[in-house]
Amino acid sequence: MASALGDGVLRGSGSPVKAAPRVREDRGMKGVQRRRRTRWLADLKAEALAWWVARSSERRLRSVMRGRLRGVVLWQIFRTIRQRAQPDTRVDAVVEFRITGRRDGGIDRYQLALIDGRGRRPRRDARKPTLTLELEPVAFLRLVGGTASAERLLIAGKLKLRGDLILALALPRALRVPRRRPRTPPRH
């Protein structure tokens, strides 16, 4: 026999069924109580990457990006970027990332299509990229980890841009790159 639990889920039938949202009355006004936003996996992965990049030395990051895990790390980063991206709905662009420093001297190329307010994998017949970013591997990790800004990397010569520079300025916000958090003072 199914019983209604306080959390809004009916149990006993084998599969959970969500109940209708609870309605509350405040000062004579009726409204639907909003549930707290759950943190989705992409946000947690981005925070974990930012934490790892901030606490790792340049030597360690370079070692990982020259090792066997490079492909897996890059694949996971771009998958997370596609999931978190929230560009303006009017943006219709293809952004290409070129990450140098492979063991064999080659360049890894990843494309991201920003279409209809979402980040997507471009089709095979994708057009020419609107913006191309070429980075060293450690600079790329620092950029997507939120510990270095694009402007700082550009001035240092670790980032090369080709294409729409206005799109480049809006890119960190559109891709929801984690921001560097202020350090908290140590407790005594």
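Is Arg70 buried or exposed, and what is its relative accessible area? Arg70 is buried, with a relative accessible area of 5%. The legends below describe close-up views of a predicted model.

**Figure 1. Confidence across the predicted model.** The mean pLDDT of the protein is 78. A value of 70 or more is reached by 73% of the residues. Over residues 1-26, pLDDT stays under 50. For this stretch the model has 32 contacts beyond four places in sequence.

**Figure 2. The stacked rings of Phe78 and Phe140.** The whole structure holds four aromatic pairs. In one of them, Phe78 and Phe140 are stacked, with 5.4 Å from centre to centre and 20 degrees between the planes. Phe78 belongs to helix α3 (residues 70-84) and Phe140 to helix α4 (residues 137-145), so the pair links distant parts of the chain, 62 residues apart. Phe78 and Phe140 are both buried.

**Figure 3. The edge-to-face rings of Phe97 and Phe140.** The ring centres of Phe97 and Phe140 are 6.2 Å apart and the planes stand at 70 degrees; planes over 60 degrees apart count as edge-to-face, so this pair is edge-to-face. Because Phe97 lies in strand β6 (residues 92-99) and Phe140 in helix α4, the pair ties together parts that are 43 residues apart in sequence. Phe97 has a relative accessible area of 2% and is buried. Phe140 also counts as buried, at 0% relative accessibility. Ring pairs link Phe78, Phe97, Tyr110 and Phe140 into a cluster.

**Figure 4. The salt bridge of Asp43 and Arg84.** The structure has seven salt bridges in total. One of them joins the side chains of Asp43 and Arg84, at 2.5 Å from N to O. Asp43 is in helix α1 (residues 41-55) and Arg84 in helix α3, 41 residues apart. Both residues, Asp43 and Arg84, are buried.

**Figure 5. The salt bridge of Arg70 and Asp108.** The closest N and O atoms of Arg70 and Asp108 are 2.5 Å apart. The pair links distant parts of the chain, with Arg70 in helix α3 and Asp108 in strand β7 (residues 108-115), 38 residues apart. Asp108 counts as buried at 13% relative accessibility. A network of salt bridges links Arg70, Arg102, Asp104 and Asp108.

**Figure 6. The salt bridge of Arg162 and Glu134.** Here the closest N and O atoms are 3.5 Å apart. Arg162 lies in strand β10 (residues 159-163) and Glu134 in strand β9 (residues 131-135), so the pair ties together parts that are 28 residues apart in sequence. Arg162 counts as partly exposed, at 43% relative accessibility, whereas Glu134 counts as buried, at 15%.

Note on methods
Residues numbered from 1 in each chain as written. Predicted model: local features only at pLDDT ≥ 70, side-chain atom pairs only at ≥ 80, totals over all residues. Heavy atoms only, no water. pLDDT = per-residue confidence, 0-100. Contact = heavy atoms within 4.5 Å. Phe/Tyr/Trp six-rings, centres within 6.5 Å; stacked < 30°, edge-to-face > 60°. Helix = DSSP H or I, 4+ residues; strand = E, 2+ residues; numbered from the N terminus. Buried < 20%, exposed > 50% of the residue type's maximum accessible area, 1.4 Å probe, protein only. Salt bridge = Lys/Arg side-chain N within 4 Å of Asp/Glu carboxyl O.
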